[in-house]
Number of protein chains: 2
Amino acid sequence: MNYNFSAKVSGLQASAIREILKFTAFPDVISFAAGNPAPEAFPAKEIAKISAELVENEPILALQYSITEGYTPLRDTLKTMMSKKNCFSPDNDELIITSGAQQGIELSCKSFCNEGDTLIAEAPSFIGSLNAFRSYNVNLVGVEMEDDGIVIDKLEQTLKANPNTKIIYVIPNFQNPTGRTMSFEKRKAVYDLACKYDVMILEDNPYGDLRFEGEDIPSIKSLDTQGRVIYVGSFSKVLAPGLRVGYVSAPKEVIQKIVVCKQVADVHTNIWAQVVCDRFIKENDFDAHIRYLRGIYRKKYNLMRDCIEANFSKKITFSTPQGGLFVWGTLPSDCDMTGFCKKAVADYKVAVVPGNAFLIKESDPTTSFRLNYSTPTDEQIIKGCEMLGKLSKDMFD
Amino acid sequence: MNYNFSAKVSGLQASAIREILKFTAFPDVISFAAGNPAPEAFPAKEIAKISAELVENEPILALQYSITEGYTPLRDTLKTMMSKKNCFSPDNDELIITSGAQQGIELSCKSFCNEGDTLIAEAPSFIGSLNAFRSYNVNLVGVEMEDDGIVIDKLEQTLKANPNTKIIYVIPNFQNPTGRTMSFEKRKAVYDLACKYDVMILEDNPYGDLRFEGEDIPSIKSLDTQGRVIYVGSFSKVLAPGLRVGYVSAPKEVIQKIVVCKQVADVHTNIWAQVVCDRFIKENDFDAHIRYLRGIYRKKYNLMRDCIEANFSKKITFSTPQGGLFVWGTLPSDCDMTGFCKKAVADYKVAVVPGNAFLIKESDPTTSFRLNYSTPTDEQIIKGCEMLGKLSKDMFD
């Protein structure tokens, strides 16, 4: 029969990355296409110990219904941590546990956007967020980026041109897919524009803890005096993504609305995972764990950077991430990026993600592509960069 | 500041039951208001063993990103189980794991309903589903029920009057809140009307396995030759609700759309919980476990039924559930149900849920209330019924 799907989801497609990731199931393909944390980054032993004690000694806690807002001890732990980073104000804010940051992003959009309302995102941006916004049929408008973040003039032009804008969505630290970090000046400018044009900011910070170079830059949330920033965090990159635990820190009234939306979405987040997160932080040296992770990603990034330097055609420029999981490569404007990505996986058995997957309109022109260094092994980074480098020289030099 | 929430969520309130449940946090209150499985129904030891082996021996499986459709072995297990119940057709259907049945219900609504489209539900019905539908700003229309299910004439009148109806939502087995079961004849009639008026059926079956009396009645899904039934199941009542694992069996094209919606909602369901569900079924005698659960609920229901019989004013009539977790009490039309529920919790320290919580419009008149027998202990059932019985005689005899 002919299904008459709702307008908001009828055009929605599975993430383009998923198509690429299918290739990565072949054992002979080296994947720079994923966004998974390094397997060695999981504190598996510590989690096994916490989990065993929890399920053995407190099975009802781990198995019974729980409250929508989240496991109270974990919320308290996060409120303390976020307060220290000025990402939570005890007087003005509340904090809810979500089923991954993805849920926090989706419910923020659902809470504020009617169909046709404008939502502004960096272009390119994280495909999971873009698709969440698309699933509410918003008018999704991209604003281009430069090395230090979104182009402020263009952001203001876009706000002027779209008086029905509800949300500006940004990933200020080690952005997915570009690896770029927004400067402090631009964070202030974005916040000032949000105030001037009376819109909310959705600040997505899944990678912020994974800084392996340079100094932390204050979050946009920390600048918020008016209550217009929704800050979304995640345990996916600092503990484990399979847990599906994230959180949202935002003004109380906003959290109240997100709580109601979450109640109808999944009642509450898996409670075992919430307790595991809380006890991991309490029973371990969390700062030391973060330092350990930073060491892993620093080493992997430096290796990939060196291999890129040694192998790739000099015509390709690369972003210089100070943290996170991704490097963004850009070909000269007359080069065939799609052909490069296709040949890479088909002939050279190395998967990268074509940049248009991250655009607001996938058909827009781009000559960029995304490389991930967190998932492959060192050997795969070396071998993969050799192969891609050879292809790049064959095609472009 | 003044938040301008989207039209679809601006009127959305937290579940009225939650207000009642606040009282149940007081240790001296006996709660017949919850909907939690009996704590003794959790196979805690078996789950602890499976969990310990999983996290210890296969940490990457338990902790890394997984696919949106769900853990493949669990999907295969469920496809086999659902095939045997004629709730899954290998030729026509697919099956996705969701974060509880709640997510399956919400995403079904999101997939099919534009704002203003009509969704028909039994009146009364499960508040979590009603609120999910409300959160998409559908035109939610209730059709009254009788002992053997929805009133078919009225369902057809409602379909005629609302040509923009997209979905009929029903809970055929041991309905929440009434405990009623839809007869086979009515299931066929509902399906025939769905075909006649070209609408989808959303069949929610969280309690079907908990039949403690009578014979199983075939699902509406099992009658589906056209591909218009979306069947939603759950592990919440047969294993543990804190896991947040449910599933949807539906025509392939519908599942494809739900997969895309789930991807933007929470990427995938907590993978630890999915593996636990799969291995519990494989490593244990699942049928024996279900028989054990049925025994628990049979005993608890019979005890409550006997205590109601012995204590309550004869003016109150009660539904006679053959399974599930709930009994539905109804006062004569001239009686003050709200006053009864308020006095019950305030003066007699027994919490029940006023029936209007489950109506399409909470302001509609009703003299019914819901009692739960799965959560309280035997002692609490005896004591609570004595107290409520005394109050009912004081107020109504």
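How many of the residues of strand E9 of chain B are buried? In this predicted model, the count for strand E9 (residues 246-251) of chain B is 6 of 6, so the strand is largely enclosed by the rest of the structure. A residue is counted as buried here if 20 or more other C-beta atoms lie within 10 Å of its own.

Confidence in the model was examined next. Chain A has a mean pLDDT of 95. In that chain, 98% of residues reach 70 or more. The model scores are ipTM 0.96 and pTM 0.97.

E9(B) has pairing partners in strands E2 and E8 of chain B. Strand E2 (residues 93-98) of chain B pairs with E9(B) over 6 bridges, in the antiparallel sense. Within this pair, B:Glu94 stands opposite B:Ala250. Strand E8 (residues 229-234) of chain B is joined to E9(B) by 4 bridges, and these two strands also run antiparallel. Here B:Tyr231 has B:Ser249 as its bridge partner.

In chain A, the sheet can be followed strand by strand. It is an open sheet of 8 strands with mixed pairing. The order is E2-E9-E8-E7-E6-E3-E4-E5. E2 and strand E5 (149-150) of chain A are the edge strands, and each pairs on one side only. Strands of a sheet pair through backbone hydrogen bonds, either parallel or antiparallel.

Strand E2 (residues 93-98) of chain A is joined to strand E9 (residues 246-251) of chain A by 6 bridges, and the two run antiparallel. A:Glu94 stands opposite A:Ala250, and A:Thr98 stands opposite A:Gly246. E2(A) is mostly covered, with 6 of its 6 residues buried. Cover extends to both faces of the strand. On one side, A:Asp93, A:Leu95 and A:Ile97 are buried. On the other, A:Glu94, A:Ile96 and A:Thr98 are buried.

Helix H6 (residues 100-112) of chain A was checked for length and burial. At 1.5 Å a residue, its 13 residues should span 18 Å. The end C-alpha atoms are 19 Å apart, which agrees. In H6(A), 13 of the 13 residues are buried, so the helix is largely enclosed by the rest of the structure.

Chain B superposes on chain A by a rotation of 180° with 0.0 Å of shift along the axis, at an RMSD of 0.0 Å. This is the relation of a two-fold axis. In chain B, the C-alpha of B:Ala52 is the nearest to the axis, at 2.7 Å. The same surface serves both copies, as 100% of the contact residues of chain B recur in chain A.

The contact itself takes 64 residues from chain B and 64 residues from chain A. Several helices of chain B each supply at least two residues to the side that touches chain A, including helix H3 (44-57), helix H6 (100-112), helix H10 (252-266) and helix H11 (271-283). H10(B) gives the most to this side, with 10 residues. By class, the side of chain B that touches chain A has 35 nonpolar, 21 polar and 8 charged residues.

Terms used. Residues numbered from 1 in each chain as written. Chains lettered and ligands numbered in written order. Predicted model: local features only at pLDDT ≥ 70, side-chain atom pairs only at ≥ 80, totals over all residues. Buried ≥ 20, exposed ≤ 12 C-beta atoms within 10 Å, placed from the backbone. Pairing = 2+ DSSP bridges. pLDDT = per-residue confidence, 0-100. Expected span 1.5 Å × (residues − 1). Least-squares fit on C-alpha atoms with pLDDT ≥ 70 in both. Contact = placed C-beta atoms within 7 Å. Nonpolar A, V, L, I, M, F, W, Y, C, P; charged D, E, K, R; others polar.
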